[in-house]
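Q: Please take me through this model feature by feature, with the general idea first and the particular case after it.

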Amino acid sequence: MKEQDFPGFKPLELNDRRTISDLLALAPPLVSELTFTNLFIWRLHYRPVWRIYNDCLLVVMQGEAPFALPPAGPGDKTAAVYFLFKQMSDSGTPPIIARAGQDLSASLAERPDILILPDPDQNDYVYLTRDLIELAGRKYHQKKNHLNWF
């Protein structure tokens, strides 16, 4: 897939950091993948392209199995989803948003033209600070072994 498959989208570059970070700061996403640092780290593997649509950041990851990340920012995310799906369909890419948080899923749940499927393999890890300090119990045994090795 080439960048020109998505009119108005551009490849992610280091000098995009300020624009993307500023937009994300206006309405911080609940999904951990949506940070400039994370997008930039994975840029060679996923080849992300991005654009802003109605105050929403839209990102398409052009890896082996292309997908979009959920729209982020202060704009109308439902309108951004439909715009994104049209752009993806027009380019011959299946309109898929991966790693969407509960907030977006809940807002789109009643729409008959959108299928929402859970993907537990993409859930974020949430740790309690005390658990990470103590690393007690079987659940943290492997992490404690790594720490001891260091």
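A: Let us begin with aromatic rings: those of Phe, Tyr and Trp (its six-membered ring) form a pair if their centres lie within 6.5 Å, and the pair is stacked when the planes are under 30 degrees apart, edge-to-face when they are over 60, and tilted otherwise. The model is predicted, so local features need pLDDT of at least 70 and side-chain atom pairs count only at pLDDT 80 or more, while totals for chains, interfaces and linings use all residues. Residues are numbered from 1 along each chain as its sequence is written, and side-chain values use heavy atoms, with hydrogens and water left out.

Q: How many aromatic pairs does the structure hold, and why is the pair of Tyr46 and Phe67 called edge-to-face or stacked?
A: The structure holds four aromatic pairs. In the case of Tyr46 and Phe67, the ring centres are 5.6 Å apart and the planes stand at 80°, so this pair is edge-to-face. Tyr46 belongs to helix α3 (residues 43-46) and Phe67 to strand β4, so the pair ties together parts that are 21 residues apart in sequence; helices here are DSSP runs of H or I with at least four residues, strands are runs of E with at least two, and both are numbered from the N terminus. Both Tyr46 and Phe67 are buried, a label for under 20% relative accessible area, as against exposed for over 50% and partly exposed in between (1.4 Å probe, protein chains only). Tyr53 and Phe83, by contrast, form a stacked pair, with 3.9 Å from centre to centre and 5° between the planes. That pair links distant parts of the chain, Tyr53 being in strand β2 and Phe83 in helix α4, 30 residues apart. Phe83 has 19% relative accessibility and therefore counts as buried. Finally, Trp42, Tyr46 and Phe67 make up one aromatic cluster.

Q: Which residues of helix α1 are buried, and where do they lie around the helix axis?
A: An α-helix has 3.6 residues a turn, so residues three or four places apart point the same way. In helix α1 (residues 17-26) the buried residues are Ile20, Leu23 and Leu24. Viewed down the axis of α1, these buried residues fall within an arc of 100°, so they line one face of the helix, the arc being that of the directions from the helix axis to the C-beta atoms. On the face turned away from the buried side, α1 carries the exposed residues Arg18, Ala25 and Leu26. The buried residues of α1 pack against α2 (36-41), β2 (49-53) and β3 (56-61), where contact means heavy atoms within 4.5 Å.

Q: Which way do the residues of β3 point, and what does β3 pair with?
A: In a regular strand the side chains alternate between the two faces of the sheet. From β3, Cys56, Leu58 and Val60 point one way and Leu57, Val59 and Met61 the other way, and all of them are buried. Strand β3 is paired with β2 in the antiparallel sense over five bridges, strands being counted as paired if DSSP finds at least two bridges between them. Tyr53 has Cys56 of β3 as its bridge partner. Two bridges also join β3 to β4 (residues 67-68), and these strands run antiparallel; here the bridge partner of Met61 is Phe67. Hairpins are formed by β2 and β3, with two residues between them, and by β3 and β4, with five residues between them.

Q: Which backbone angles deserve a look at Asp55 and Leu135?
A: Most residues other than glycine have a negative phi, and most peptide bonds are trans. Asp55, although not a glycine, has a positive phi of about 65°; Asp55 sits in the loop between β2 and β3 and, at 48% relative accessibility, counts as partly exposed. In the turn of that hairpin, Asn54 has a positive phi of about 50°. Leu135, again not a glycine, has a positive phi of about 45° and is placed in the loop between α6 (129-134) and α7 (141-149), where it counts as buried at 10% relative accessibility.

Q: Which residues touch the most other members of the largest nonpolar core?
A: A nonpolar core is a set of buried Ala, Val, Leu, Ile, Met, Phe, Trp, Tyr and Cys residues joined through side-chain atoms within 4.5 Å. The largest one has 17 residues, of which Leu12, Ile20, Leu57, Val59, Met61 and Leu69 touch the most other members. At least two residues of this core come from each of α1, α2 and β3. A second, separate core of 11 residues includes Phe6, Leu58, Val60 and Phe83.
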